[in-house]
Amino acid sequence: MSYTKISDKIERVDARTKARGEAMYVCDMSLPDMLYAYMVRSTCPRGKILKIDVPNLPKGYKFITADDIPQKGNNELWMISKDWRAFAKDYVLYVGETIGLLVGPDRTVLKYLRDNIHIEYEMEEPAVTIDDGIASKGGPMFPEKGNNVFCSLYCEKGRPMEEVFAEADEIFEETLETGYQEHVHLETNGAIVTMEDGKFVFYASAQCPFYIRKSIAGILGISVDDIIIRQCTTGGAFGGKEHFPDVLCGPLLVAENVIRKPIKLIFDREEDTQFSVKRHPSKCVYKTALKDGKIIGMDAKVYYNVGAYLSSSFVVLQRGIFHANGVYNIPSTHLVGEGIGTNTFPTCAFRGFGAPQTIFAVETHMDHIAHHLGVDPLEFKKDYIIKQGEETVTNGHIIEEVKLPEMLDVITKESDYWRKAKEYTPGCGKGIGISMYLHGGAFTGNGEQAIIKAHARLVRTGDKVRIEVGSTEMGQGFQTSLRKIAANTLQLPIENIEYNNPDTSKVVDSGPTAASRSTMIVGKLVERAAEEMKRRWDEGDITTEVEYEHPEGYPWDQSTFRGDAYLGWGWGVACVEVEVDKLTNEVKTVGIWTSHDIGHAIDELIVHGQVNGGIIQSLGYASMEKLENKNGFFRQKRMSDYVIPTSMDFPRQFYHLQENPYPWGPQGAKGMGELVFNGADAAYVDAVERALGTTFNSIPIPPEDIEEALKKNAQ
Ligand code: MTE
Ligand code: MOS
């Protein structure tokens, strides 16, 4: 068993630079003759646009719309598929859809003009919830599709479900739901566009500079090389800046094509909360076949609310399905996923990328089965933990050794789980809960090779080496990890390794900063490029560049979703102890214990930061982050009504890392940035359920919902 301690000797060159206030966020930037832009958005969830009344615009002001796109029919952003319109025209599909950009020199005038644009709609009944979408309430959104199922897939393993269900003594069925979640990256979305040498140049708060180029170039019918994206220091992203910057940059590109002056578009907090992508609400129906108190099969139907456009939702849904049996090896399983279109703001990437929803569902479902059978949830769950070589839900195999049993030993000992689990009788006001979770690292299957084809480049000048990749720093500590990898391999001090926020004209495309792939995949590419440079050090100032190659012998079929979905998984255990005030239903978390297998930690301080942040973000998701949509409008609009945890809300965590070096990762590292989000929510709900002697089937569970559940269950 290996405990990892945070070493005190960790170089922080960039932290020092940032502490001097030199970090340049897009909002801090100003260019000569710069204009400002405001978005004019739909206030109707679904309907025809009948009339747009624009007041007389003073000189120097412009209202840019779809009509300013030179070629009709080029109005769609190319995220993963092309469906999200840069500008709504003729009809609107959700509240907040971009109708136009008001551009001009004075922000006060712009605001006045924005408030005086009047748009008339012929409103149609919107679909808001998953149930609305399934029922095709108000008719199908896209008549040609015939229904609101925007995407779907299934996975199965073992014997046919009918056969398994026929053998069962009992079928345990329940529906589990999760709500919206807002990213609340502390820096709101923003971008500036300008012209340089005939090219369109963007400065943006973004995760994936190369994605933006690809997504917007088609709107003007230009080449991606006519667009340069420069990432500014990015104050948090969490998936919310993976595709969403395209929604700002697409309209800005059209405006720039007409105006040819620098234009700045920055969302304020209210806009960012109400009019940006969110985590997918989910509804999962789990049916588990039990025989002699053992699980013989599991059937799950998983629905995600994708909002009005698909964006990345099909990939999010796939990840949801691939994680829908959690860490368990269920002998026979049948999993179906459907992405349901509604007239709400499109949902998109958010830390965990679809995995948190199904992991919450399966973990809570397993706890509920254990309660039903009258056994301790952990006692029940641990018998099903998947092992090396066993079959996954995509009919692939677990390649690595699964160290969850060792991790459970550490956590149960440190938290005194077994004693407390016995002592805290159901409903006594005190509870301890425990969850296990996993996260598949990087793109699914051979996607890293087939879809991304990532490159990394190193450039040497004397004893300095510059890393040229398109992956970004967004607070997850990537640039420190990356520079450490290069420094360790080249045996140079970290100060000699340079990494700059990417500029797409100066670096190679190393793929998106998403799917926890940067350290794991791009870090490995940098390690390989550094190894080559070290071998050829005598040649002087050279450049080395490498391309990703998928290891052989791990097949994957992206059309059927069969094969080895992930070469390496991150694994986690979270234990949470709570005390519930039975008068006010306020929950006080009194202990948090976590253990993670991330292969190997490149920088322990960064990993500790990720664990702390991810666990608290997950606990916020379970306990207090309530975001509701009424008739297409989000009810919570700012940080005073959409509440996220602060350091006062949760205690210090016990933190443990399980060494388990990953053969294809840099220094043995696997992805970890999302893993740490995936399971604390279920542990929290488990603990609260035990403290109150009741069950919950949805998150979040703020005090008012606890009260309702208690009343309902008492009936
Ligand atoms: N941590 C901070 N502080 N800020 C962020 O925006 N994004 C998360 C996670 N941790 C994020 C973060 C998400 S969504 C991802 S995919 C991973 O970091 C990316 O980590 P990587 O560098 O390993 O790819
Ligand atoms: Mo992370 S949700 O993959 O950006």
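## Two domains

In this predicted model, the centres of domain 1 and domain 2 lie 34 Å apart, taken over C-alpha atoms. Domain 1 covers 401-441 + 568-715 and domain 2 covers 447-547; such bounds come from an automatic or database domain assignment. Across the boundary, 18 residues of domain 1 are in contact with 15 residues of domain 2, where contact means heavy atoms within 4.5 Å.

A word on conventions: local features need pLDDT of at least 70, side-chain atom pairs count only at pLDDT 80 or more, and totals for chains, interfaces and linings use all residues. Residues are numbered from 1 along each chain as its sequence is written, chains are lettered from A and ligands numbered from 1 in the order in which they are written, and side-chain values use heavy atoms, leaving out hydrogens and water.

## Helix 16 and helix 17

Let us turn to the helices. Helices (H or I, at least four residues) and strands (E, at least two) are DSSP runs, numbered from the N terminus. The axes of helix 16 (residues 604-623) and helix 17 (residues 680-692) come within 7 Å and cross at roughly 50°. Axes here are lines fitted to C-alpha atoms, for helices over the stretch in contact, with angles running from 0 to 180 degrees between N-to-C directions. Helix 16 is therefore oblique to helix 17; angles under 35 degrees count as roughly parallel, over 145 as roughly antiparallel, 65 to 115 as roughly perpendicular and the rest as oblique.

On the helix 16 side, the contact is made by Ile 615, Ser 618, Leu 619, Tyr 621, Ala 622 and Ser 623, and on the helix 17 side by Ala 680, Asp 681 and Tyr 684. These residues divide into 6 nonpolar, 2 polar and 1 charged (Ala, Val, Leu, Ile, Met, Phe, Trp, Tyr, Cys and Pro count as nonpolar, Asp, Glu, Lys and Arg as charged, and the others, Gly among them, as polar).

## Helix 5 and helix 6

Helix 5 (residues 209-220) and helix 6 (residues 245-259) have axes that come within 9 Å and cross at roughly 40°, and the two helices are therefore oblique to each other. By class, their contact has 9 nonpolar, 3 polar and 1 charged residues.

An open sheet is formed by 3 strands in the order 6-2-8, with antiparallel pairing; two strands pair if DSSP finds at least two bridges between them. Strand 6 (91-92) and strand 8 (118-123) are the edge strands. Strand 2 (residues 47-53) pairs with strand 8 over 6 bridges, and Gly 47 stands opposite Met 123 in strand 8.

Elsewhere, strand 4 (residues 76-78) and strand 5 (residues 82-85) run antiparallel, joined by 2 bridges. They form a hairpin with 3 residues between them, and Glu 76 has Arg 85 in strand 5 as its bridge partner.
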